[in-house]
Amino acid sequence: MAKPKRIGILTAGGDCPGLNAAIRGVGKTAIVKYGMEVVGISSGYLGLLENDYMPLTESSLSGILTLGGTILGTSREKPFKKTHNLVNKKPDLIKENYKTAGFDCVVCIGGNGTMKTAEQLAEKGLNVIGLPKTIDNDVWGTNQTFGFDSALHIATDAIDRLHSTANSHKRIMVIEVMGHHAGWLALYSGMAGGGDVILIPELEYDIQAVNKYLKKRAKSGKPYSIVVVAEGINKPKDISAATYIAQEIEKGVGIETRNTILGYIQRGGSPTPLDRLLASSYGAYAVDLIAQEKFGQMVMREGDTIGAIPLSEVGGKLRLVPPDHHLLEKARGLGVCLGK
Ligand code: F6P
């Protein structure tokens with residue numbers, strides 16, 4: 001009888017709803033389908049540096065499907081990051097700890113930075129599988145990361161709520177959603193929430209054109225306007241996107257304007273059913289890859305099909321909103337202002 005495989009799981013980078021569903025998908029599939037041993041690694045890659053582990057069993061994995069956050073904890077530890085002029089011993093320490101722990105593979109659940117580190121560990125000879133997660137939906141190589149759908153629901157609900165207060169006060173309301181590099185969350189929630197102006201990092205905007213559009217709306221008798229901006233749009237460094245845009249609008253349009261920064265609320269709470277399904281499917285597929293000893297892969301989705309691509313092709317690359325994305329064309333057709 002071959003010795004059962006012993007796999008580690010870590011969650012790294014910004015947290016999001018669905019992480020525990022993914023942990024459960026990996027862990028339960030490994031135990032139930034393949035009789036593997038499963039070990040939780042604390043706080044992302046930091047846990048590998050500090051040998052900070054916890055056994056995961058069917059009972060410890062029970063009841064976490066709907067739980068927000070991650071039972072393993074997370075960190076933004078980047079073990080390959082250059083540290084001044086000192087020799088960086090972290091990658092070798094991780095390799096040594098990986099061997100001492102007797103891991104056959106480590107499932108790395110995270111965003112761009114996590115996938116980049118996973119690829120670098122694979123190059124050092126570790127068996128790793130990446131699972132793409134982030135509310136930003138900007139991991140290259142998959143058409144959706146889990147966490148995005150849950151954040152989309154939260155952001156859309158917030159935008160829905162702004163309509164009534166904007167209407168009561170005849171105001172312009174500016175809401176900032178997350179998305180450091182990519183505008184997926186702003187574009188999707190802006191369209192789903194009936195935003196009049198949607199600004200994303202991928203598209204340059206002209207605040208004069210935005211103000212002209214808002215003035216025209218007011219002149220046509222529209223009682224209020226909703227402006228949705230991604231946190232990563234072009235703006236002065238020392239001010240948030242929402243505050244900056246709200247100030248510029250109030251100054252330029254002359255209508256009372258308020259702003260809301262949704263922030264970390266988009267990263268909290270229970271995952272939506274779709275995120276539970278996506279995270280569980282990614283996790284289960286990762287274990288099938290491990291059973292087939294197909295390492296160095298990132299699990300992904302193309303259309304409705306779950307598959308895998310080499311981490312060497314992903315390597316922390318960003319998936320940005322392309323200028324010809326169909327939603328942009330539809331937004332323009334609906335009369336939404338995208339900044340120009
Ligand atoms: O990567 C997801 C994300 O939520 C971004 O949208 C946001 O800019 C960033 O993480 C915030 O990072 P932190 O949680 O380290 O403050």
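This is a predicted model: local features need pLDDT of at least 70, side-chain atom pairs count only at pLDDT 80 or more; totals for chains, interfaces and linings use all residues.
Val299 stands opposite Ala308 in E11, and Met298 stands opposite Ile309 in that strand. Residues are numbered from 1 along each chain as its sequence is written, and side-chain values use heavy atoms, with hydrogens and water left out.

**Sheet and hairpin**

- Seven strands make up an open sheet of mixed pairing, in the order E3-E2-E1-E4-E5-E10-E11, where two strands pair if DSSP finds at least two bridges between them.
- Strand E3 (53–56) and strand E11 (305–310) are the edge strands, each of them pairing on one side only.
- From one strand to the next the twist averages 30°, with axes taken as lines fitted to C-alpha atoms (for helices over the stretch in contact) and angles running from 0 to 180 degrees between N-to-C directions.
- The hairpin of E10 and E11 has two residues between the strands, and Gly303 in this hairpin takes a positive phi near 65°.

**Ligand surroundings**

- Around the ligand are Arg76, Thr134, Ile135, Asp136, Met178, Gly179, His180, Glu231, Tyr264 and Arg267, a residue being counted if one of its heavy atoms lies within 4 Å of the molecule.
- A polar side-chain atom of Glu231 lies 2.6 Å from an oxygen atom of the ligand, and an N or O atom in the side chain of Arg267 is 2.8 Å from a ligand oxygen atom.
- For Gly179, a backbone N or O atom lies 3.4 Å from an oxygen atom of the ligand.
- Of the 390 Å² of accessible area that the ligand has on its own, the protein covers 73%, with areas from the Shrake-Rupley method and a 1.4 Å probe.

**Leu203**

- Leu203 is found in the loop between strand E7 (197–199) and helix H7 (207–219).
- Leaving aside residues up to four places away in sequence, Leu203 touches Leu328, Arg332 and Leu338, contact meaning heavy atoms within 4.5 Å.
- Leu203 and Leu338 are 135 residues apart in sequence, yet 7.6 Å apart in space from C-alpha to C-alpha.

Conventions. Helices (H or I, at least four residues) and strands (E, at least two) are DSSP runs, numbered from the N terminus. A polar contact is a pair of N or O atoms within 3.5 Å; within protein, one must be able to donate a hydrogen and the other to accept it, and residues adjacent in sequence count only if both atoms are side-chain atoms.
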